[in-house]
Amino acid sequence: MSTIVLLTLTGLGLAALYFLVASGLSLVFGLADVLNFAHGLFLSVGAYATWWAAGNLPGAGPSGFGFVLAVAFGVAAGAVVGMAVELVMIRPLYSRTIEQVLVTVGLSLAGVALLQATWGADPRPFPRPDWTQRVTSVLGAKVPNSGILLILAAALVLAALLGFLRYTRYGLVIRAGVENREMVTALGIDVRKAFTLVFAIGGAAAALAGALGGVYFGSVSPSQGGSLLIFAFIVVVIGGMGSVVGSAYAAVAVGLLQQFVNYYGTSGAGDICVVALLAIVLLLRPQGIAGRAATT
Amino acid sequence: MTTGVKTAAAANPPAVPPTASSAPAPRRNWRSALRAWSPLLVLLVFAVLPYSTVSVPGVFDGPLNGPGTLQLLAICLVFGGLAAGYDLLFGRTGMLSFGHALYFAAGVYGTDILVTKAGLPLWQAALLTLVGGTILAGLLGAIALRTAGIAFAMVTLAFAQVGAILVARDFGGLTGGEEGLSLDVSGLPAMLVGVGNTVNLYWLALAYLALVVFVVHRVAGSPTGRVLAGLRDDERRIGVLGLDPYRFKLLAFTLAGGLATAGGSIYCLLVGGASPHVTSSELTLSLLVMVVLGGPGTRWGPVLGGMLYMYLDHRLTAFGTSSAVDSLPGVLSGPLSQPLFVLGTVFILAVYFFPGGLASLSTRLTPLRPLLRSLLRPTHPTRRPPAGG
């Protein structure tokens, strides 16, 4: 019993990580039709900015309020990088989908190499508060606190995103844009402002994933974003491109499947099951679980 | 008669009008003949290159027939062929596959495992690998092609990721996991083993490149190739014409997969084993970079792009650690020592400013040609155009 509880909670922790990356990816893809390969870079930027802030920013540190400040700095850095990428690199290529993908591919290669040049290819120990390294007893299972932190953060982000999308004017524009961009433009609303906003939100969520993932794994390395990105892509496709809620369901399914199969089967079998799940979903329901709608 | 005209038109580059070959001017005739035969000339130059002991300082370390230079050249040739095969998907059919590395890796690991673990002779191993890789591409393509566009890209990416996981986790102790698997050379033909025989591998790589270019060229010129180009430009129209897009796309996907598998077998011989980085999605991304840098959908662009990319990838590492870069301030020398940073940046700039890649350079420079000519012949004032002075 305690094993199942432990596997469920660590699986949910993994799912939280996937969701934080996939939600932004999904919104960006749904609204702007950009398959953003540089999303993994946003994650790495968030992780490195948090790591840097904890050591160098006055007031920030590896524990207590200082850590919150460091994470906030990392999230802000991710949002700024996301916005800058949209304004400088994506916008000139508006409606040329393949070129946009190519530019983000180039950016992900160059950006990771730049991080590597600046801080080296080896993993760096990540600053983390003491309490995240301890475990909490849940129903007899000893669950690492960092996993619980991830789950709580992802739940908060999900709630905040849904609230934003449902009850604000910009949320309305984004939801409408995901469903039918031409119509929104025809009604005289500048959708491109929403593009920038979605990139900023996606960058911030990915940066948060980077910072909390750093706490979870205990280290940060330039290539971390890339390996998470592939599973985030799978989550986005399974969940339905453009749907935040779909991403959440798909992240939970993928995280749990991966964790349970990896534990009871051989190591690595879970990852393969996830791809099999993707193939099955695509064959039965090519538009994903939720289809093309932001909050259903 | 019609076929004769057709082949003449196909052999000439599109810039030269087809009537040029029948034009009376002998000079022009000579030139177009040269252009038609130039691929063979280049092939000949590359084939006799190992007999030259000329050393090109700064471009290669040591003389041209040194084993290090030959190996670097051979790797460039293999990747030129690989990029040309990938272009069959991306540039000529318009399919954005992010999983092409899988079939290349199947070639590398298939050959390695069959030779080293199963002890088969090389030709059997290579043949089995080629058949296996082609079947794999056909099967996975049959599933992935149920989707289109970006979803297709993601599905191929996911399949390639499974390959990477299988190799990295080392199921059954076949792949050697993170450390890779070095090739057992005891059963190989003697002419392919050892540093002194690098030249034979070089010729093998050259033959592979020539084969891929020939196959891609023949396919692109055939009726099937026209259908593929039609799929790239407007898939619905092909469907309306009564042709099945799925079949043609699957054919292109399988053929490109088979070509990549063959390249993997040669690469395995060339570097003497397999390492997990050939399964990484980064390799597919760099194939994409090669094709776009060279010029998608052109005959020589992807080859040129692939060779140049691999050359730069290898040489920039040496350049990055050279004293010229080290003496720069840290802000510059750090990024410049990362080949991927330089290549990624060049790639991004190419997407914005050179959409046709290297292959479009000659047409882009055409407006400058009269100017150049007038500059080169300043001693004949009568031939100078009146406005050019």
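Student: How far apart are the end C-alpha atoms of residues 194-217 of chain A?
Tutor: They lie 34 Å apart, and the span is 100% helix and 0% strand. Helices (H or I, at least four residues) and strands (E, at least two) are DSSP runs, numbered from the N terminus.

Student: What kind of model is this, and how is it numbered?
Tutor: It is predicted: local features need pLDDT of at least 70, side-chain atom pairs pLDDT 80 or more, while totals for chains, interfaces and linings use all residues. Residues count from 1 along each chain, chains are lettered from A and ligands numbered from 1 in the order written, and side-chain values use heavy atoms, without hydrogens or water.

Student: Why is the pair Tyr48(A) and Trp51(A) edge-to-face?
Tutor: Because their planes are at 80°, with the ring centres 5.9 Å apart.

Student: Are those two buried or exposed?
Tutor: Both Tyr48(A) and Trp51(A) are buried. Buried means under 20% relative accessible area, exposed over 50%, partly exposed in between (1.4 Å probe, protein chains only).

Student: What about Tyr51(B) and Trp203(B)?
Tutor: That pair is tilted: 5.9 Å between centres, 45° between planes. Trp203(B) is in helix H7 (residues 198-221) of chain B, and Tyr51(B) is in the loop between helices H2 (26-48) and H3 (67-90), so the pair ties together parts 152 residues apart in sequence. Tyr51(B) is exposed at 62%; Trp203(B) is partly exposed at 29%.

Methods
Phe/Tyr/Trp six-rings, centres within 6.5 Å; stacked < 30°, edge-to-face > 60°.
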